[in-house]
Amino acid sequence: MARQSESAAHLRAHDYAWLVKRWRALAQRMGWQMGKFAEADGFPVYAIRSARQAGPRLYLSAGIHGDEPASTEALIAWCTRRARALKSCQLLIFPCLNPWGLQHNNRNDARGRDLNRGYHRQDVPVIEAQKKILRGRFFDAAVMLHEDYDAHGVYLYEIPGERPFWGEHLLAAAARHVRREPRATVEGRRCRRGLIRTRITPETLPEHPEAFCLRFGHTKRSLTFETPSEFSLTARVRAHGAVLDEVLRLLRK
Ligand SMILES: [Zn+2]
């Protein structure tokens with residue numbers, strides 16, 4: 001993307017209709033199926049699927065927290081940029097799981113619920129609808145894009161599963177754009193050069209994030225990447241893109 005159009009995109013990072021418009025154009029161009037699977041707080045919520053039956057199976061999601069605009073911007077920008085390479089993948093993409101939040105620059109949904117702590121519940125319609133889509137599906141990797149206001153650099157949650165682990169590779173790629181989180185403890189967990197890889201079980205946290213739902217039902221590689229919200233949006237978007245590039249490289253190895 002040229003510099004000017006990139007900054008123009010950033011000015012509209014909380015414009016959900018515009019995000020949807022760009023996804024619709026990309027899906028059409030790629031022959032991907034883009035369908036509304038839920039209505040949440042007055043907004044349509046979409047899933048995008050490629051029709052392919054072979055190749056690496058990749059799950060991508062962004063915008064479950066509405067105040068994390070680098071996640072949604074990076075996902076559309078990266079998928080557009082890597083369109084050709086993505087033709088060989090089986091994709092399931094959730095471009096923005098919390099449209100009301102994105103539009104209002106709010107972490108939670110209109111009822112004040114943190115959707116990323118709601119995957120153990122049965123009373124959040126958008127999550128129920130998403131779980132229905134996921135039923136019986138398995139992915140070679142699931143990547144969830146996030147941001148953190150308290151972060152001092154990029155960091156990554158990698159729930160241990162398949163070896164060799166990817167965390168070090170992904171952080172090295174991201175660190176070319178935004179420095180690594182320097183703190184040794186993040187959200188109460190040990191963080192080593194940006195990597196949080198603690199052995200957990202579904203019982204570890206009573207309130208399940210999306211990453212748990214994926215790891216304990218649909219993939220052995222559950223990767224949650226976080227950029228620091230106070231850094232430049234351009235750098236944050238690039239860091240997310242670098243992580244996704246590295247995921248793609250490792251998937252095709
Ligand atoms: Zn988040």
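Are Glu68 and His146 buried or exposed? Glu68 is buried, and His146 is buried as well, where buried means under 20% relative accessible area, exposed means over 50% and partly exposed lies in between, for a 1.4 Å probe and protein chains only. The model is a predicted one, in which local features need pLDDT of at least 70 and side-chain atom pairs count only at pLDDT 80 or more, while totals for chains, interfaces and linings use all residues. Residues are numbered from 1 along each chain as its sequence is written, and side-chain values use heavy atoms, with hydrogens and water left out.

**Zinc site**

- The zinc ion is coordinated by His65 through ND1, by Glu68 through two OE entries and by His146 through ND1, at 2.1 to 2.3 Å; donors are N, O and S atoms within 2.8 Å of the metal (3.2 Å for Na, K and Ca), and since water is not among the atoms, sites may look incomplete.
- The arrangement is irregular because the four donor atoms subtend angles of 57 to 148° around the zinc ion; four donors count as tetrahedral if all angles lie between 85 and 135 degrees, four count as square planar and six as octahedral if opposite donors are over 155 degrees apart and all others between 65 and 115, and anything else is irregular.
- Glu68 lies in the loop between strand E3 (57-61) and helix H3 (69-81), whereas His146 belongs to strand E5 (residues 141-148), so the pair ties together parts that are 78 residues apart in sequence; helices (H or I, at least four residues) and strands (E, at least two) are DSSP runs, numbered from the N terminus.

**Sheet and strand E5**

- E3 and E5 pair in the parallel sense over four bridges, and Leu58 stands opposite Ala141 in E5.

**Helix H9**

- Glu246 is found in helix H9 and is buried, with a relative accessible area of 11%.
- Leaving aside neighbours within four places in sequence, Glu246 is in contact (heavy atoms within 4.5 Å) with His169, Leu170 and Ala173.

**Aromatic pairs**

- Rings of Phe, Tyr and Trp (its six-membered ring) pair if their centres lie within 6.5 Å, and planes under 30 degrees apart count as stacked, over 60 as edge-to-face and the rest as tilted; by this rule the count comes to six aromatic pairs.
- Tyr16 and Phe43 form an edge-to-face pair, at 5.8 Å centre to centre and 85° between the planes, which links helix H2 to strand E2 across 27 residues.
- Ring pairs link Phe37, Tyr59, Phe94 and Phe139 into a cluster.

Notes: Two strands pair if DSSP finds at least two bridges between them.
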